[in-house]
Amino acid sequence: MRHLTSIMRRLGAAICVCIVVGGVVSGCAKKPSDSGPAATPVPSATPYGQSAALARNLANIDEASGSVHGTMKVGSVSRPLTGTVTITGTSSQVMLVAGGSDQTKWDEIVTGGHRYTSQDDQVWVDRGVKEAGTSLASVLASADTTVDAGVGTISNIPAHKMVTAADKLDVATGLGLDTWTFDNPTTTLRIWADDAGKLVGFGTSMDWKEQLGGKAVVVSMDLDVAFNTADGIASSSPVKIAAPTGLWKWIENKPIGIAFAVPPDWEKSNLNASMQGLTYASAATRQTWICSYQDASKYTALTFAEAAIAGYNDKPDSQRATTIGFETATWFNVHRSKQKDYAVEVAVVHETVGFQLAVLGAAGEESAAETLAGQILTSVEFTR
């Protein structure tokens, strides 16, 4: 008991010391040994000693290629991000693949000043002239090389990291991404280099908001690419980049807010002149693509799909959930008894517009209609 009293007295004295000292709170702080693991020090930004050399290397990338490693997140759903990046002179190819249960792909080839895109590596579209200064090589050449944010690792390779201030460069466009639906985008570019100013790779962190399912959803991408370079500006295994062949037509309708691709020999049709939307057809294959739309402000994705299905006189052969432009959609197939044909349709709502996207084919040629529908639907992008 005396021993306990003695301890309590000493403890009280210690408390009194803290109180008497008053504002000198640090005198009662825990010792370093009592405070748990020390925080990881954050590298301080310092001038990069090889800034000029790195800037020259970035401005003179001749051949470089590497693999993409990163993550894409839509709302609370995180997906692995993979792909490849290749630069050969003024030509480039960027392929990004967001994995998971429903894979999404963006593929862009820039050569001869033209931009070609695909979302399945089968259907390629000529998107016209690539705007000056928006190529990946141009974006990298404009990077800030002056400030060294510290040494980190890229693909297990130690390298200095130079970070360009946020929103100074349009990295998304450089990677071949269409940014029509991006709200409040924020982007940073990082360049990885060695001690001598040779380029090791690059990375980017991007986030934006999109109106999905009737609400604003945060979308983000974070990726790095380590180049397989021999001397900082030249690849040890160059890849030839050529314009794709068999290009499809790109149809973009800004008032409706949608874009898609159709086969090169298809022409605009007046099959449904009274319908709100666009119709393209092929006399040779007896197939038709219909993009109709209506106000869907009073619908959900599910009730709009139910209404679209109810609009047919025949019961669907099958239906399933899918996605179009990250929007939840419903895919269904119908043998239309009155028209004696086969319809493959996707019903989807984006913002307050409901779209019915359908391919009509001849009865007995169901497989061809389904294949075509898959190709056109893969190309669909919302443009607002």
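The legends below describe close-up views of aromatic rings in a predicted model.

Residues are numbered from 1 along each chain as its sequence is written, and side-chain values use heavy atoms, with hydrogens and water left out. Because the model is predicted, local features need pLDDT of at least 70 and side-chain atom pairs count only at pLDDT 80 or more, while totals for chains, interfaces and linings use all residues.

**View 1. The stacked pair of Phe-182 and Trp-208.** Rings of Phe, Tyr and Trp (its six-membered ring) pair if their centres lie within 6.5 Å, and planes under 30 degrees apart count as stacked, over 60 as edge-to-face and the rest as tilted; by this rule the count comes to eight aromatic pairs. Phe-182 and Trp-208 are stacked because their ring centres are 3.9 Å apart and their planes are at 10°. Phe-182 has a relative accessible area of 15% and Trp-208 one of 3%, so both are buried (under 20% relative accessible area, with exposed over 50% and partly exposed in between; 1.4 Å probe, protein chains only).

**View 2. The tilted pair of Phe-202 and Phe-227.** The centres of these two rings are 5.8 Å apart, with 45° between the planes. Phe-202 is buried at a relative accessible area of 1%, and Phe-227 is likewise buried, at 7%.

**View 3. An aromatic cluster and two arginines over tryptophan rings.** Phe-260, Tyr-280 and Trp-289 form one aromatic cluster. A charge sits over a ring if NZ of Lys or CZ of Arg is within 6 Å of the ring centre and within 35 degrees of the ring normal. Arg-127 lies over the face of Trp-250, at 4.0 Å from the ring centre, and Arg-320 over that of Trp-331, at 4.4 Å.
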